[in-house]
Amino acid sequence: MRTDTGHVFKLEDYRPSDYLIPRTSLGFRLSPDATHVTALLTIERREGVAAAAPLVLDGDGLTLLGVAVDGHTLPASDYEATPDRLTILKPPAGQRFELRLETEVAPARNEALMGLYRSNNVYCTQCEAEGFRRITYFLDRPDILSVYTVRIEAPHNEAPLLLSNGNPVESGTLADGWHYAVWHDPFPKPCYLFALVAGALGKLADSFTTMSGRHVELGIYVEPGKKRLAGYAMDALKRSMKWDEEAFGREYDLDVFNIVAVSDFNMGAMENKGLNVFNDKYVLADEETATDADFANIEAIIAHEYFHNWTGNRITCRDWFQLCLKEGLTVYRDHEFSADQRSRAVKRIAEVRTLRAHQFPEDQGPLAHPVRPRRYREINNFYTATVYEKGSEVVRMIRTMLGPETFRAGMDLYFERHDGEAATIEDFLKVFEDVSGRDLAQFALWYHQAGTPNLTVRSTHNAAAKEFSLEIEQSVPPTPSESRKRLMHIPLAFGLVGADGSPVAWTAVEGAAVDDGLIHIRKRRHTVRFSGVSERPSVSLNRGFSAPITISVQQKADDQFFLAAHDSDAFSRWQAFNTLLTDALIAAFRQILGGKQPVFAARLAELAGSIAGDEALEPAYRALALALPGEADIARDIGKGIDPDAIFAAREALARAIAEANREAFLALYDGLADKGPFSPDAASAGRRALRNILLDYLSLLPGGAALAARHFTCATNMTDRAAALAVLAHRHSGTAEADDALTAFEARYRGDALVLDKWFQIQAGVPGAKTVEKVRELTRHPAFSIANPNRVRSLIGTFSSANQTGFHRADGEGYRFFVETVLEVEKRNPQVAARLATALRSWRSLEPGRQAKARQALLDMAKVENLSADLRDIVERTLA
Ligand SMILES: [Zn+2]
């Protein structure tokens, strides 16, 4: 484990390395406790660097067995080796030399799951961001691009399958039952994209012919016996390959493309060149074991990792500050893919919900950072919603401003200009400036400045002058280490909506640049005047969520009700309804705190009923609209003095009011939506199930609700319905015979399938209320739970701490005490997963004073632990700062 050195890496300190490594040959002799690694590196001194410059290579916990230069063993006086660094004091005077290194690593003892490790008897690697230095000494930075040849040797019975990046070159048998395979990857790549997999795995094989006629062998490797669960992932892969050719003109470039599913994995998946390694959660699926959400995630993540082949691998990042260059862009690409495969409006709403739930709190709390950070202590902690999701929003804004054709021309230029390079955000923006002739300097602040901009909007209508005006003011709240903010360029999509729902025309506009339904906000204040507008319109703002901002609009509730029913933009219509729900929930929260029973306007429940039954809307859309804002979302919108119990009560009261007002209609709809015919994971079928399951959620609040949910559970023919019913029973009817029976039945049905039991852990960790912390503590002793497995930890501990507001924030602080114990326990093995868990406390300052003091104490308890890992200390200290 790397303990914290306190060292801060700064963007402005970047400079190219003195040496390059154009070629890398690796040899592995695999053994669980002593794998022998030989690295033969061609080292090249960069032009202009003095011959005497020492060569300093990165390591992390390495044992050096030997070092030779140009075939000669190096005397001990010529180098300095520590576990974390190897310095060749006097490299040869020539421009190029060969460095041979021998190291030994112990994959079986590697519980951090970085570098080379064993998962369920399969050897695998994870090198992003800085795991390669746990295998051999290297210039472990993304701007060192090298051509790799890899030879793997292992006992045949233990590891019949030997995989690495690139194309297979050679394989054969060796003495004593061993065998070997050689792989060569012709594309220069940074070491974080290196991968090796060895073990006994089943293969689902297929093939794909690219647009230029290249035949590509496709393989998805899973645990023996699970091959049939990889079919959906294979289908998603082939659709992704086709889509990238059509949407971006990008073709696959090797003879093989392999995906391996492993059960112990820190992240979702990893885009290693030609050999993607996946968390098995994002590969394995059928209707018996996976929900519709799982299918959608598999499709999106398979696509995401595949798309990295161009955005990330062929063009990589110059340094880790540029992480959003590959991640934000690739998230944008996978969002577009899913929108094309499914429903664009539904996908957009889901994206925005995710952004608000994960990125907004980050931006508004102590861990706020720009999409391209300027400093970090531990890069592992910057795989954040800001880099990924907000990074994607920034790319989307570029497309919104330039239009689809110019955007595509810019992307084409990016691929042409930077193929084979390690690039920067400046390079990326420059291609769009070059193809459009626009100046993106002010827009670039989206990359450089943290915080969620807010627009305050006031509208006035002067009937006599036929003039409609919008007074718009922008502000960006201060964030850590950025107290003063510069003004942003915000592309605000809008529409003026007339009384009959149709767009309102105007004759002229002044006060801001307005084009294609966009107002370009660039100053602090704009007064945008539309002339020739005789009747007062309703204004629909930030259509399609054109910018990741918050808006305080002084708009009458009547206007919101009108837009929720009539806006022609599907996203804005959802937004208007969601705003009405949020406003009602916040008012109810205040009534509850004031000791009153919350009261809701009858027309809100009526509107919910009419959206639910509107056959013109897709079922998936209706399901999303009916999903009340989450407790954390409500808390974020309230801002401070948060009492999670009062928010929970407000939300329950509104759900009940909607259910009571629509009982008959919801029941009829619910019955009509029952699945007929065989299961299909397609978007339309999934949408019908989603709508039916949210109706169940409402109906379960009414008399007979537990029985209805129990029936839903028993009759379920797929995991989506089974898990939805189980969640309703466990969350709404906790402690009843119906809930207990369903939990027992689910556990019995899936005993032995850890991945499916994760859902069972997750549902129980999410049970609202004070008793859950004891239950979660008990479940950590369940035989299927393992604190060393990231999926188990995220399902049980992650769900409890980040998705169970009333349980985790229990008023007496017991939730926090359990949390600290557990995070520290996880940290002993896996600092990265522990640090990620610890971010659950990032909004501690918004809590009411009693809980706030207890949350702070929990953070202080972690901070005072000696030898804390760099990952966890970084999060804890920034959260407290
Ligand atoms: Zn990615």
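Leaving aside its neighbours within four places in sequence, which residues is Ser469 in contact with? Before I answer, please note that this is a predicted model, in which local features need pLDDT of at least 70 and side-chain atom pairs count only at pLDDT 80 or more, while totals for chains, interfaces and linings use all residues. Residues are numbered from 1 along each chain as its sequence is written, and side-chain values use heavy atoms, with hydrogens and water left out.

Contact here means heavy atoms within 4.5 Å, and the partners of Ser469 are Arg458, Ser459, Thr460, Val528 and Arg529. Ser469 lies in strand E26, residues 467-475, where strands are DSSP runs of at least two residues and helices (H or I) runs of at least four, both numbered from the N terminus. With a relative accessible area of 8%, Ser469 is buried, a word that stands for under 20% relative accessible area, with exposed being over 50% and partly exposed in between, using a 1.4 Å probe and protein chains only.

His304 in helix H2 (residues 292-307) and Glu327 in helix H3 (residues 323-341) are 23 residues apart, a pair that links distant parts of the chain, and both residues are buried.
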